[in-house]
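I open this notebook to record what I looked up in one structure. The entries follow below.

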Amino acid sequence: MAEPLAPVPLVRVEADGSFHLDEAAVAKLDKIKGKIAIVAVAGLYRTGKSFLLNLLVNAQSPDAVATAGHGFAVGGTINACTKGIWMWGEPFVMEDGTSVIFLDTEGIGSVDREQTHDTRLFALALLLGSYFVYNSRGVIDGNAVEDLSLVVNLSKHIQTSATSQTNPGALHEFFPSFLWVVRDFTLQLQDNGKEITSKQYLENALKPQGGFSADVAARDQIRLLLSDFFRDRDCVTLVRPVEDEAQLRNLPNVPYGELREEFRTKFEAMKKRLFEKASPKSLFGKALNGAMFTNLAKSYIEALNSGKAPVISSAWSRVVQAQCEDAVDDAVEQYKKQMNTRVADYVEGKENFIDILEHEANDAIEAASDTQIVNVGAGTAQFDEFGNLKRFVQPPPEPPSDLYVSATTEEDVVPPPAPIVKELISLPAPTADVDAIHTLCLSHAEKALRAADIGDQADMQSFKLAFRAATNSILDVYKQKNAAASMIYCKNLLQFLTAHRFNPFKQPEFDALQYFQRTSHYLSELDGVYKDYCRMAIGPSADAAYCAFMSQNVFDQVIEWTEDTNKAHASALSALQNDLSAISLQVASAQGQATAMKELAQQDILKSESSLKEAERKSKGEVDALRATLEYKTHELEHVLNHNATLRRLADTAQASNFRANEVATNKSPQHYAGYLIKQGRPMPNAAPGQRVKWQQRYFVLNGPALRYYNTKDDFERARSDDPPIDVSRAVIEEDKEVPEAFSIAFPDHSHYTLHLHAKSTYVKDEWIEQLLKVRRNVSSSGNAGRMAPTSKSSSSSYGSREF
């Protein structure tokens with residue numbers, strides 16, 4: 001259950017007479033972000049100020065009482081009940097968003113207070129209020145005017161500027177509107193028998209009476225000061241609320257419905273007028289909010305407690321400074337909140353390096369298989385790696401002459417895609433992305449700072465510098481976090497790449513050649529690691545992480561393996577030298593035996609030479625015969641292979657020529673629009689409900705109103721398709737609301753089952769839909785083809801062959 005509304009102390013009076021701003025009231029006021037209007041009620045003590053305020057802040061139902069059990073304190077003794085300044089606990093929010101706050105001030109002329117205290121408190125209420133209500137009883141006569149004698153000393157307790165002496169005539173610019181409420185009024189509002197308004201009654205009472213006595217002169221001075229200080233003034237007269245003396249003594253507990261009707265009528269009119277005229281509190285043309293009001297009150301109270309007169313301009317400077325500081329704090333908090341929202345922290349272990357590597361590999365394969373494009377003047381020809389023509393795109397048509405009207409409208413022109421601006425990033429990220437997010441968040445924060453800018457440009461410059469310093473400090477923290485995340489990410493990436501690239505050597509020892517091959521293989525794979533790392537590394541620490549990896553892992557490993565290789569080479573060299581010594585001994589022994597054997601062999605050589613010459617003669621004849629036969633068979637085989645290859649190329653060329661001829665014969669505009677789409681297969685007639693239909697990639701070709709699809713692009717080029725073309729001239733194209741890249745082609749005449757298609761991107765999907773819609777528009781306008789014969793040639797030439 002919500003606590004009932006009740007007043008809270010705003011300005012407390014300590015035992016030594018100093019003023020203190022209550023923190024609970026400050027907390028409530030700081031929550032008010034919009035304009036604020038302050039209605040301050042003052043008057044002599046024991047004149048019913050608090051009763052009047054309770055009527056203003058509580059609803060006027062017949063059974064309601066003025067205090068309602070939790071209103072401003074009301075007493076029945078001769079002592080003042082309100083001490084300091086109290087504030088109603090919650091503001092009244094008007095239709096324009098202005099929050100109205102009611103203040104109840106301590107009564108003037110209390111027996112336990114000095115006049116200086118009353119003057120200081122009265123001056124504080126005037127400085128804080130935007131609408132000042134003075135409550136009194138009886139009539140406005142000399143005594144009532146004399147009760148306001150403290151206004152004579154206001155110029156001593158308030159200064160407008162610290163650099164010059166206060167001009168009392170200038171105080172009216174800073175004083176609130178003035179409403180004099182005359183309670184228990186018993187007179188008739190008449191002047192010389194003519195009825196007058198309550199405001200005219202006040203004006204008459206403030207006119208100087210004239211005279212030579214000191215009392216008359218003093219009262220006239222009060223009248224002149226009141227007229228000068230409160231130039232926007234008004235008056236309300238209220239009759240006694242009840243006639244019964246017993247009820248009068250217990251007035252706070254009398255139900256509102258039992259009060260006199262005349263009192264209730266005038267009070268309700270006064271309340272309506274008060275809310276209508278309660279303008280927001282402002283200084284130097286600037287409306288104040290709750291925080292600015294509390295800073296203003298603190299400045300006035302500090303001056304009063306120090307024994308000095310509050311300086312309005314100095315207090316306003318302090319308010320501006322505090323507001324600027326709050327604006328900078330709010331803008332910095334806005335920047336910090338934006339950065340926290342738009343920059344996600346790095347989560348180690350969720351990098352998915354294998355997926356990134358496979359994606360990079362697929363992109364590399366696609367880039368390697370990109371075909372050569374040659375501009376042949378009349379168009380752009382595209383060839384594969386074997387020199388075969390894969391695609392030909394005609395140049396755009398020449399601008400139409402004055403004799404023809406172009407069929408292309410502005411709606412057919414596809415605007416270029418807008419540049420992509422990243423609004424969300426995850427660490428680690430490139431420095432440029434972090435700077436872009438910083439610029440975006442800084443623009444939002446600067447917008448909030450400009451919206452709260454209440455000071456001059458020169459005064460705000462230091463605060464803007466402080467704001468930039470604070471945001472740069474926060475940016476440095478994010479850059480440090482990004483550098484740390486980049487270092488961890490890149491180290492994990494290098495661990496993944498080395499584990500992925502390098503296979504462990506299970507053999508404990510190698511020979512010299514194997515040691516060398518291992519080092520060479522390692523360096524070759526290291527080059528691959530570097531290439532993959534350059535593509536996948538992210539963040540400012542990429543170079544530092546790679547240098548650390550090289551110094552900590554690669555250099556030591558290569559040096560260690562080089563030393564192992566050198567040791568293996570030295571060991572192998574020593575073994576070879578030992579073998580060489582043993583072989584030398586064997587050679588010396590063999591030389592002796594060879595000398596003896598040489599003589600015997602010489603004899604055998606002479607014998608065998610004759611036999612060898614005869615064998616050589618016979619073998620030469622046989623070899624020549626076999627070589628001739630082999631050359632003949634080789635030439636015969638090459639002839640057969642060349643003939644078969646020629647027949648295959650002729651067959652492919654004839655098949656492609658027949659396909660192109662059929663296209664030319666059936667379509668006046670052979671240019672087409674083609675590309676890969678993922679198609680859902682046709683559901684089987686006897687398929688069970690809910691059975692999934694397989695999705696397959698097909699190569700679609702749109703040639704005029706005819707749509708074909710093939711298994712691959714090569715099948716299209718070789719015209720390998722048994723399916724008849726699909727007429728899409730009257731098809732219905734619908735976009736999938738759940739999948740942005742999906743769309744469907746339906747056939748109202750049931751000439752073909754509905755095609756459910758999925759493009760690789762929304763851009764490709766939009767291009768296909770645009771081409772299909774063009775077909776419908778061309779078909780719908782074909783009914784006028786007979787009457788537009790002169791322009792048909794120009795229209796047919798506007799088609800272009802495109803592929804996605």
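I take helices (H or I, at least four residues) and strands (E, at least two) as DSSP runs, numbered from the N terminus. The model is a predicted one, in which local features need pLDDT of at least 70, side-chain atom pairs count only at pLDDT 80 or more, and totals for chains, interfaces and linings use all residues. Residues are numbered from 1 along each chain as its sequence is written, and side-chain values use heavy atoms, with hydrogens and water left out.

Entry on Phe 463.
I located Phe 463 in helix α14, which covers residues 457-501. I then looked up its accessibility, for which buried means under 20% relative accessible area, exposed over 50%, and partly exposed in between (1.4 Å probe, protein chains only). Phe 463 has a relative accessible area of 14% and therefore counts as buried. I asked which residues Phe 463 is in contact with, leaving aside neighbours within four places in sequence. With contact meaning heavy atoms within 4.5 Å, I found Gln 321, Cys 324, Glu 325 and Val 328. I also noted that the C-alpha atoms of Phe 463 and Leu 449 lie 9.8 Å apart, while the two residues are separated by 14 places in sequence.

Entry on helix α11.
I found Asp 326 in helix α11, residues 312-342. Its relative accessibility is 31%, so I recorded Asp 326 as partly exposed. Gln 338 has its place in helix α11 too, but Gln 338 is buried because its relative accessibility is 16%. Beyond residues up to four places away in sequence, Gln 338 touches Cys 441 and His 444.

Entry on salt bridges.
I used the term for a side-chain nitrogen of Lys or Arg within 4 Å of a carboxyl oxygen of Asp or Glu. How many salt bridges does a search of the whole structure find? I recorded 24.
In one of them, the side chains of Glu 90 and Lys 28 meet at 3.6 Å, N to O. This pair links distant parts of the chain, 62 residues apart: Glu 90 is in the loop between β4 (85-88) and β5 (92-93), and Lys 28 is in helix α1 (residues 23-30). Glu 90 is partly exposed at 35% relative accessibility, and Lys 28 is partly exposed at 32%.
I next looked up Arg 342 and Glu 423, whose side chains form a salt bridge at 3.8 Å, N to O. Here too distant parts of the chain are linked, with Arg 342 in helix α11 and Glu 423 in the loop between β17 (389-393) and β18, 81 residues apart. Arg 342 is buried, at 13% relative accessibility, whereas Glu 423 is partly exposed, at 45%.

Entry on backbone geometry.
I kept in mind that most residues other than glycine have a negative phi, and most peptide bonds are trans. Asp 184 has a positive phi, near 55°, and sits in the loop between β8 (177-183) and β9 (190-191). Asn 192 likewise has a positive phi near 55°, and its loop runs between β9 and β10 (194-195). Is each of these residues buried or exposed? I noted Asp 184 as buried, with a relative accessible area of 15%, and Asn 192 as exposed, at 77%.
Finally, I recorded a cis peptide bond from Leu 427 to Pro 428, with omega near 0°. Pro 428 belongs to the loop between β18 (425-426) and α13 (431-451).
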